[in-house]
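Dear colleague,

Please find below the structure that I am handing over to you. My notes on it follow directly after.

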Amino acid sequence: MKDAAPATPPETFYLKDYTPFGFEVDAVELVFRLAPEATRVLSKIRFTPKPDAADKRFFLHGEKLTLIRAAIDGVAVSPEVTEIGLTCTVPDAPFTFEAEVEINPKANTALEGLYMSNGMYCTQCEAEGFRKITYYPDRPDVMSTFKVRIEGSEPILLSNGNPTAQGEGFAEWHDPWPKPAYLFALVAGDLVNHPDRFTTRSGRDVELNIWVRPGDEGKCAFGMEALKKSMTWDEEVYGREYDLDIFNIVAVDDFNMGAMENKGLNIFNSSCVLASPETSTDANFERIEAIIAHEYFHNWTGNRITCRDWFQLCLKEGLTVYRDAQFTADMRSAPVKRIEDAIELRARQFPEDNGPLAHPVRPEEFQEINNFYTATVYEKGAEVIGMLKRLVGNEAYYKALDLYFDRHDGQACTIEDWITVFQDSTGRDLGQFKNWYSQAGTPRLSVEEAYENGSYTLTFRQKTPPTPGQAQKDPKVIPIAVGLLNPNGDEVVPTTVLEMTEAEQSFTFEGLSAKPIPSILRDFSAPVILTRDSSAAERAFLLAHDTDPFNRWEAGRELAKDARIAMVTTGASPDAAYLDALQSLVRDDSLDPAFRALCLAPPSESEIAQALADRGLTPDPEAIYDAAESFAQILAQSLSDSLPRLFAATLVDGPYQPDATGAGLRALNGRILGLLTRLDGGAAAAKQYASADNMTVQNAALACLLKAEKGEAQSEAFFQQWQSDRLVMDKWFALQVTCARPDCAAAVAEALTRHPLFTIKNPNRFRAVMGALSMNHAGFHHASGAGYRLLADQLIALDPLNPQTTARMCTAFQTWKRYDAARQDLILAELRRIKAVEGLSRDTNEMVSRILDA
Ligand code: TRP
Ligand code: ZN
């Protein structure tokens, strides 16, 4: 069968084609006359031609706009208008371009540009949404100051910068910091605020607000504390202060991603800012704190210094993710955060880097930039910064960052600028390090050891498998943090960073009295896959003795993975030594409960599938599921004597606090409840559900009951209690699918799409059902193909409404090559069915084509 081609082949954009815009934009003035179906946008833009411009064409982006009139220096003109923008003849001297356009926010279901959410106007302009608001050079290297006047009957009218005037039916704003159009924002609605103040260390008094719909004002306090902590932290750690008189955050229910760093007016998916003990879990609280920090930190890494073009996206995202991870590590537990990040990276970035969607941290081509807001750009991009810091050292890192802010403040920069700052500041040649930005794929690192006469040698080999469009890979600079333990468990060589630059390289340690036990890649010092043939005994030894918490956890994880793989491939029962090690760990009260909870968390079924595929085997999702179930059953039985005591010991008393200590205890408690439920038929979970006074505990109890197929009454009660709270209902929708048995997951999800509270137009609700289905590994990959079919049906229905969210969800199919021929055929048929849809969006077409080209 031939794949149907779209009517006009989509255009591909290349990094190598970069050319600067031929004009400076000196100032922008905008007037918005708000009306749900016919908003008028009046623009006045001052341009100055660049005398030495290579490209002198005057082209302004513009999509889905109705041009009412245009003028240059006050004289009406008739530009040539196409689907993507306008051109016209302009003077060879500074001039003012004026336009009036009409747009329809109410009809905008793509949630990009100006749209409406629950009667409130809001915008989303990154990456290329401003062109749906008015005609403009919509590219990040065009920066200007903005004056905005909003005319509308809504009580609250917000834009970027500082407020300059307001009265009956209007408000005016001025943003003095030159910015690209993607950072523009406007909000208008009937909103209430949670106000506060912050004084920066140089004495600037800043007004802070979190704006929400009436009724949500009680869910803002935690976010506000997180914001103030972030502001203090950036001053203390990076020396960066806030630079306006006001900082506004707005919560919006309909939003494609997590949040957006618009200058002075951050807009958040309400799920990423609203929090209360009754409605939010510990995981929600931690995520909200991190996202508030992330968007705030963008004020310097993203806004004051922005990207020259969208290929440089990791310049702001990798660095800002790295900064928010540092913040979370400081606010909570550094080892726990590191372990959580490694789990995330392996679950989301490794499959991307090892499949058809693999791309470099800095991509060199794209059709639709929205498809490149990926785990590779964000999370691997952050890992690259972490490696750089490990290589140059702490002090040199912060010195280089000072130079970066000094040298590039107010500019639109590239990865080359970033690397040059580090080279100039440290005197190091980072030519080879740049491979991390240009070459996709996860390096495989293998290691062999030799010991003779007190000298111990580790020999490493690195190899990165080919990725689409990149057959050949060069060796990367890999910082390998290593420590050595002697056989009685004492550390004889503390953590040392080995700097690997060759394809094969040896490092020798002298003066050891016995053959040591190595702890390699401590703190997950590089985003690589480490393969090492070591015995279960040695892993158990590290699980008991390693001083590095990450590797201690990793040793347990490797044991768990090996046990599962053995169960799947040979039917072997789990190693007794491993069960013993796990038992003593769980009972060890000297260990952080959060750490113990992580050690008890099993590797995901998808991770086992990937591990099998890496060994050249074809994963069978049902067998993997069965192994997971029986492993949990065996673990529960082996711990049965201590479970009731452990459960009681991890109950947190006193009022709920969302801090790391309480969260750690509750995480461990939840794990133990899961095991207990396998033995007591749900009695403890039902009791906990009945007495729960916070969502973490309520949610955990309901999940245990649903998994045990004993939760019908509680599920109904949960629904009755929370049906008017959207964010809690998202949890309810997701839980049904997450906890469903593999053979009915698709049917459960399908029924939920017909539930009166399901709406395809709200991305949170759509993800609650379809995202949960795609993450129920055995359910999604059920041999019937029902999971694949349902997801394809839903994606086809969503694409005309919201291409961005549709395209993102296509990643559920990216691992199709792992599975057997029958499943491959089923997936291929669905991908081809999507691709054949007439008028398929550019976003979805690009994703499906890349996945099909595997
Ligand atoms: N820049 C945002 C961030 O990382 C994310 C973002 C990009 C986004 N495009 C978006 C958010 C579209 C919402 C919608 O913080
Ligand atoms: Zn970001």
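This is a predicted model: local features need pLDDT of at least 70, side-chain atom pairs count only at pLDDT 80 or more; totals for chains, interfaces and linings use all residues.

A disulfide is taken here as a pair of cysteine sulfur atoms within 2.5 Å. By that criterion, the number of disulfides is zero. Cys599 illustrates the point: its sulfur lies 19 Å from the closest cysteine sulfur, that of Cys704, which is too far for a bond. Cys599 is buried, at 11% relative accessibility, where buried means under 20% relative accessible area, exposed over 50% and partly exposed in between (1.4 Å probe, protein chains only). Cys88 is likewise buried, with a relative accessible area of 17%.

Residues are numbered from 1 along each chain as its sequence is written, chains are lettered from A and ligands numbered from 1 in the order in which they are written, and side-chain values use heavy atoms, with hydrogens and water left out.

The salt bridges come last. With a salt bridge defined as a side-chain nitrogen of Lys or Arg within 4 Å of a carboxyl oxygen of Asp or Glu, the whole structure contains 71 of them. One of these joins Asp282 to Arg666, with the closest N and O atoms 2.7 Å apart. This pair links distant parts of the chain, as Asp282 belongs to helix α2 (residues 282-297) and Arg666 to helix α16 (residues 660-680), 384 residues apart; helices (H or I, at least four residues) and strands (E, at least two) are DSSP runs, numbered from the N terminus. Asp282 is buried at 9% relative accessibility, and Arg666 is buried at 8%.

A further salt bridge connects Arg539 and Asp562, whose closest N and O atoms are 2.3 Å apart. Arg539 lies in helix α9 (residues 536-545) and Asp562 in helix α10 (residues 549-570). Arg539 is buried at 11% relative accessibility, whereas Asp562 is partly exposed at 29%. Through shared partners, salt bridges join Arg539, Arg557, Glu558, Lys561, Asp562, Glu607 and Arg615 into one network.

With kind regards
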